[in-house]
Amino acid sequence: MAAPHIVPTSSPATPPPAPVSPPPSGKDYSFFAFPKQDIVAGAVVFLVALPLCLGIAVACGVPPVSGLIAGVIGGLVVPLFSRSPLSVTGPAAGLTSIVLIEVQRLGGLKPFFAAVVIAGLIQIFLGLVKAGRFAALVPSSAIKGMLAAIGITIVLKQIPVALGVSGGFKDIPSQFSMGPTVLTALSLAILLIWPKTPLKKITFLPAALVVVVLSTLLGIAMEAVPALALAAAHKVVVPTGGAAGLWAALSHPEPGAFLQSGVWVAGAALAIVASIETLLSLQAVDRLDPLRRRSPPDRELLAQGLANTASGLLGGLPVTAVIVRSGANVAAGGRERLSSFVHGWLLLGAVLVAAGLLNRIPLACLAAVLIVVGFNLAKPSLFISQAKLGRDQFVPFLLTIAAVLSLDLLKGVVLGVVVALIFTLHQNAAGTIQQSTDPDGATRLRFRRDATFLTKPELLRLLEAVPAGSAVVIQADGEYVDLDAKEAIATFQQDAPRRGVNVRVEGIDMSNATAGGGH
């Protein structure tokens, strides 16, 4: 998947710092090589990750604590086993649609968490057998289509939440609430305007955090206005009571679910999609690394598998390496895995110490954050750029989007890969044969590249167009010509005397070809 064009879920909040001198060849810095830079960067990543962990959980239709648990596990487990210095792991917007579908299909959270554990075990296996390289086989058009479909799904699912509605679109007329709508409008305005102001350069003040803080304060002030006051259903709910309260609130996998075939299918789907997103994010983050290091993909799959296994066992969402948090890590001056580790501890501290404050956060502001994330995944400019690339890229892109939205994420990606493969094979077959005219008037058909059964339709068309009573030379200079193409040539040779055509074959071993296989 040549290597696919990377489509990050979002761009880093600020440009990466100026490059520094790369380390000596083979240099592998230790976990604690840059403590000052990594502690500061970890705090910044925590501020970026906190609203995203909460928002993605809400978008997935699961308790917010599941998103926080996933963020904590991603921050504390992955850095211990990964060798990616700058990548940050947590719940990802790219898995939202598959989580939504599988929780409903499996009948609840407990069997779904079993699927997350299975996904982790599959990723561990993929890492051990060194399967990371195969992510490069997924066509760029399928990846872009998958991410665009995820973005559309996120936006559609968050519009009701943004309007204070707990159901779907059909419930908007009966449940519409002015308070959440006002907060959503304010949050969207800040998120859209912020990147256009000098404030975007303040790395420790991400726009999403500003939105959460301002919306929370405004939500408290709105309690004095009955028409705007937020109901309990309009706010985040995470368990209070410290460690004991958190442990009591955790949901664990249902043991019997591990024996259900549907849970294994869901686990395999999660493993595949999470692995693809992780490896694509890994490539993108390595390009941002000022020290020009390269992360081993198989080791990353192993680390991600361990994290997903732990997250599932503790009732957390599936995790991946995430470009938004990783880009923020680079922009904040992160240098090693310690920054991700610090962010994980800070998330855990927020859950244990500040649960009461978290429960003041309006869901509307998180919906606004996710709407912007979803829009960035499915920008109109993406559709325009894909259309400019031509039919071979645009059609698989559109079909992947349609399949993901109408079926599910894994089936959509598989269909997109198949369609992209068909277009690639067709494009490869087209133009295989070069037609020219020799000085003596003979038609020359020269194979420019290897000829397979895919070349046969073009070969038959050109042979049938040879005028009666003329001469034709069929030539291959070292190119491979498979049996289907040879049989087409042999059939034409057999029929040539009847048409008065003189046929000469150069550079093709026709000893194993028999006439009759060409029609």
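Which residues in α1 meet which residues in α14? In this predicted model, Pro35, Asp38, Ile39, Ala41, Gly42, Ala43, Val45, Phe46, Ala49, Leu50 and Cys53 in α1 meet Leu338, Ser339, Val342, His343, Leu346, Leu347 and Ala350 in α14, where contact means heavy atoms within 4.5 Å.

## Basis of the values

The model is predicted, local features need pLDDT of at least 70, side-chain atom pairs count only at pLDDT 80 or more, and totals for chains, interfaces and linings use all residues. Residues are numbered from 1 along each chain as its sequence is written, and side-chain values use heavy atoms, with hydrogens and water left out.

Two packed helices are described by the angle between their axes and the distance between the axes. Axes here are lines fitted to C-alpha atoms, for helices over the stretch in contact, and angles run from 0 to 180 degrees between N-to-C directions, while helices (H or I, at least four residues) and strands (E, at least two) are DSSP runs, numbered from the N terminus. The crossing of α1 past α14 is right-handed (left-handed if the near helix is turned anticlockwise from the far one by less than a right angle, right-handed if clockwise). The contact of α1 with α14 comprises 14 nonpolar, three polar and one charged residues, where Ala, Val, Leu, Ile, Met, Phe, Trp, Tyr, Cys and Pro count as nonpolar, Asp, Glu, Lys and Arg as charged, and the others, Gly among them, as polar.

With α13, α1 packs at an angle of about 165°, the axes being 8 Å apart, and the two helices are therefore roughly antiparallel to each other. Their crossing is right-handed, and the contact brings Ala41, Val45, Val48, Ala49, Leu52, Cys53 and Ile56 of α1 together with Val324, Arg325, Ala328 and Asn329 of α13. Nine of these residues are nonpolar, one is polar and one is charged.

## Helices α4 and α5

Helix α4 (residues 96-106) packs on helix α5 (residues 109-128) at an angle of about 125°, with the axes 8 Å apart, which means that α4 is oblique to α5. The crossing is right-handed, and the contact is formed by Val99, Glu102, Val103 and Leu106 of α4 with Leu109, Pro111, Phe112 and Ala115 of α5. Seven of the contact residues are nonpolar, none is polar and one is charged.

On a 1 Å grid over the protein atoms alone, a cavity is a set of points where a 1.4 Å probe fits but cannot get out, a pocket is an open set with protein on both sides within 12 Å along at least five of seven lines, and lining residues have an atom within 4 Å of a point. Grid points are joined across faces, edges and corners, and a volume is the space filled by probe spheres set on the points. The second largest cavity holds about 60 Å³, and of its 11 lining residues the closest to the centre are Leu52, Ile56, Ala93, Val322 and Val324. At least two lining residues each come from α1, α13 (323-331) and α16, and the lining has nine nonpolar, one polar and one charged residues.

The second largest pocket holds about 540 Å³ and is lined by 27 residues, with Val58, Gly61, Val161, Ser166 and Gly167 nearest its centre. Two or more lining residues are given by α1 (35-60), α4, α6 (140-162) and α16 (363-377), with α6 giving the most, five. The pocket lining divides into 18 nonpolar, eight polar and one charged residues.

## Leu410

Leu410 lies in helix α19 (residues 409-429) and, leaving aside its neighbours within four places in sequence, is in contact with Ala269 and Ile272. Its C-alpha atom is separated by 34 Å from that of Glu458, 48 residues apart along the chain.

Notes. Angles under 35 degrees count as roughly parallel, over 145 as roughly antiparallel, 65 to 115 as roughly perpendicular and the rest as oblique.
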